Amino acid sequence: MKVELNGRFTFGDHSSFRKLIEEIRSQEAETQILDLSGVEFIDSAGLGMLLLARDEGEKSRATVVLKGAQGQVKRMLEVARFDTLFKLED
């Protein structure tokens, strides 16, 4: 399953992200790809939501891959050491 995220990824996206979590829960794919190439800004709440997605993926034995992070988003993932928690792809 591949999901493309766009724009700003902040606490305001929490309710729509919950729907995505439900989709991850219902999928049987071994790999869930979150395409971040269209995300221009992420805050700590956005990072927390990515961790929720990872936790849900682990429950269904799926690997959550973060793909295409750029600019501020890539820096935030690096500072938060998300490379130790997720598979990151360019």
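Valine 64 is buried, with a relative accessible area of 5%. That counts as buried because the cut-off is under 20%. The model is a predicted one.

Where does valine 64 sit? Its place is in strand S3, which covers residues 63-67. Beyond its neighbours within four places in sequence, valine 64 is in contact with Gln32, Leu34, Ala53, Arg54, Gly57, Phe86 and Lys87. Take arginine 54 from that list. Arginine 54 and valine 64 are 10 residues apart in sequence, and their C-alpha atoms are 5.6 Å apart in space.

Now to the sheet. S3 is part of an open sheet of four strands, in the order S1-S2-S3-S4, with parallel pairing. Strand S1 (2-9) and S4 stand at the edges. Each has a single partner strand, so one side of each is left without a neighbour in the sheet. From one strand to the next, the twist averages 25°. S1 and S2 run parallel and are joined by seven bridges. Valine 3 has leucine 34, in S2, as its bridge partner. Leucine 34 is also among the contacts of valine 64.

Helix H3 comes next. H3 lies across S2, S3 and S4, and runs at about 120° to S2. In H3 (residues 71-79), the buried residues are Gln72, Val73 and Leu77. Seen down the helix axis, these buried residues fall within an arc of 135°, so they line one face of H3. They pack against strand S2 (31-42), helix H2 (44-59), S3 and strand S4 (87-89). The face turned away from the buried side carries the exposed residues Arg75 and Val79. After H3 comes arginine 81, with a positive phi near 60°.

Note on methods. Residues are numbered from 1 along each chain as its sequence is written. This is a predicted model: local features need pLDDT of at least 70, side-chain atom pairs count only at pLDDT 80 or more; totals for chains, interfaces and linings use all residues. Side-chain values use heavy atoms; hydrogens and water are left out. Helices (H or I, at least four residues) and strands (E, at least two) are DSSP runs, numbered from the N terminus. Buried means under 20% relative accessible area, exposed over 50%, partly exposed in between (1.4 Å probe, protein chains only). Contact means heavy atoms within 4.5 Å. The arc is that of the directions from the helix axis to the C-beta atoms. Two strands pair if DSSP finds at least two bridges between them. Axes are lines fitted to C-alpha atoms, for helices over the stretch in contact, and angles run from 0 to 180 degrees between N-to-C directions.
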